[in-house]
Amino acid sequence: MNIKVKVILSVISVLLVSTIVLIIIANQNYTNSLTFLGEETLHGAQQAFMQLEQSDVKMLSAVSVALTTNDELLKAYAERKRDRFYELAGPIYDTLKNRYGITHWNLIDTPPSSVIFARLSKPELFNDTVRRITYINSVRTGNVTFGKEVGKTGFVLRTITPVVYKNAIIGYQEIGEDIDKFFRLIKKQTNSDVALIVDKKFMNHKEWESTRSSKKLADNWSDFKDNLIVSSTFDNVSILPMDIRVAEVPVQGKILGVFDQNNSVYQRSIFPVKDASLKTVGCIMIVQDITKTAGEMRSSRIQLIVLIIVLSIVLCTIIILLLQRLVFSRLNHMINTITRVVGGDVNYKVKEDDEIGRFEAQIVEILRNLIT
Amino acid sequence: MGQLFDLRQKIERIIKQKGLDDIDIKGKIGMKSGVVICFLKPETPDDPNRMARVKKAASEILNTIV
């Protein structure tokens with residue numbers, strides 16, 4: 001193999017390797033950009049969720065404290081007049097429910113009975129025992145406590161306030177709300193769909209079926225093997241991954257990657273939801289439709305790759321042409337000159353305008369001296 | 001003595017017959033054989049080795065058995 005072929009092959013190889021490396025970098029950059037986009041959305045949703053929770057805890061606490069200072073309500077409860085209590089609290093509950101989304105207002109007796117005295121959401125149901133951690137904590141500390149807990153209807157954010165009457169705690173007031181409304185707000189803020197997924201072991205199938213039935217919704221218990229979609233802002237559950245292990249979702253959240261379906265591109269991320277006992281019982285899935293962004297990014301990536309390939313070809317051509325013109329054609333010229341001098345043309349003129357020209361002239365001079 | 005010079009003359013005849021570039025062809029034969037053709041004079045001593053090299057190179061370049 002002559003030097004020209006070796007040099008050309010080397011140049012092509014170097015440019016080919018460089019092109020492949022640049023294409024890999026371009027692809028990596030595309031993946032990193034999508035991950036960055038997902039992280040931004042994930043952090044945005046996490047922040048929004050935390051802020052909504054903090055804000056609603058304040059609102060629930062304020063409502064609860066205000067209600068526990070209502071003399072008429074206090075008196076009805078202290079005298080255990082359930083019907084009177086419902087009569088007084090019913091209109092207030094309706095207002096709280098309609099205006100502020102408060103779905104739970106319960107009065108729970110002190111231990112050891114710890115039974116529900118009044119349940120505004122379902123007045124006919126009472127006397128069931130409460131063992132929720134928020135209640136237990138409030139009993140233990142004598143203070144207002146709050147936290148999210150998995151209930152029959154899903155996740156509920158609750159505050160428990162001791163009810164004091166004539167300087168004695170006569171019971172505990174539970175004010176709560178389903179956190180479903182958070183998801184609509186998160187969707188508004190992040191422009192992403194949201195789903196609350198809970199590990200089935202924290203739920204009861206019959207109770208869940210009953211809850212769904214009361215909302216005129218189909219039982220979705222069997223949609224996933226281990227998890228249950230408690231709430232979501234979208235219907236297409238097929239874009240949710242099947243194999244989430246709720247307990248293993250990292251505290252800071254996780255990007256699950258890009259998912260293509262029906263000409264749409266979705267970025268999925270997830271972060272855990274802890275209940276009042278700080279146990280991870282579920283997770284919130286963020287599903288962002290990034291079809292437009294991903295399309296633009298893919299288009300840019302293709303343009304970049306095409307540009308890299310075209311530039312490599314142009315560069316390769318320029319280098320080979322330069323090598324041909326400046327080196328190989330000059331070497332051929334030198335061989336021709338030496339041939340002519342050896343053939344007897346001792347007056348053959350050589351151009352000495354560069355390194356090869358000077359070298360050629362020196363060789364020719366030596367030959368001339370030898371021949372003449 | 002004179003065999004190499006005779007060979008030079010033979011080569012020059014063939015070049016002339018074929019109408020080739022004298023300088024170029026003699027240069028190529030010289031480069032290939034390592035013997036400068038124009039150095040071959042009547043008094044150049046016979047050398048079978050050089051003779052064979054020039055013949056071989058000339059035959060290849062002129063495409064004729066020299």
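The structure is a predicted model, in which local features need pLDDT of at least 70 and side-chain atom pairs count only at pLDDT 80 or more, while totals for chains, interfaces and linings use all residues. Residues are numbered from 1 along each chain as its sequence is written, and chains are lettered from A and ligands numbered from 1 in the order in which they are written.

**Exercise 1.** Determine how α2(A) and α3(A) are oriented to each other.

*Solution.* Begin with the axes, which are lines fitted to C-alpha atoms, for helices over the stretch in contact, with angles running from 0 to 180 degrees between N-to-C directions. Those of helix α2 (residues 71-78) of chain A and helix α3 (residues 82-100) of chain A come within 8 Å and cross at roughly 155°, helices being DSSP runs of H or I with at least four residues, numbered from the N terminus. The two helices, α2(A) and α3(A), are therefore roughly antiparallel.

**Exercise 2.** Identify the residues through which α2(A) and α3(A) meet.

*Solution.* Take two residues as in contact if their C-beta atoms, placed from the backbone, lie within 7 Å. From α2(A), Glu72(A), Leu73(A), Ala76(A) and Tyr77(A) meet Arg84(A), Phe85(A), Leu88(A) and Ala89(A) of α3(A).

**Exercise 3.** Describe the elements and extent of chain B.

*Solution.* Chain B has three helices and zero strands (a strand being an E run of at least two residues), in the order α-α-α from the N terminus. Its C-alpha trace spans about 30 × 20 × 20 Å along the principal axes.

Definitions and conventions: Angles under 35 degrees count as roughly parallel, over 145 as roughly antiparallel, 65 to 115 as roughly perpendicular and the rest as oblique.
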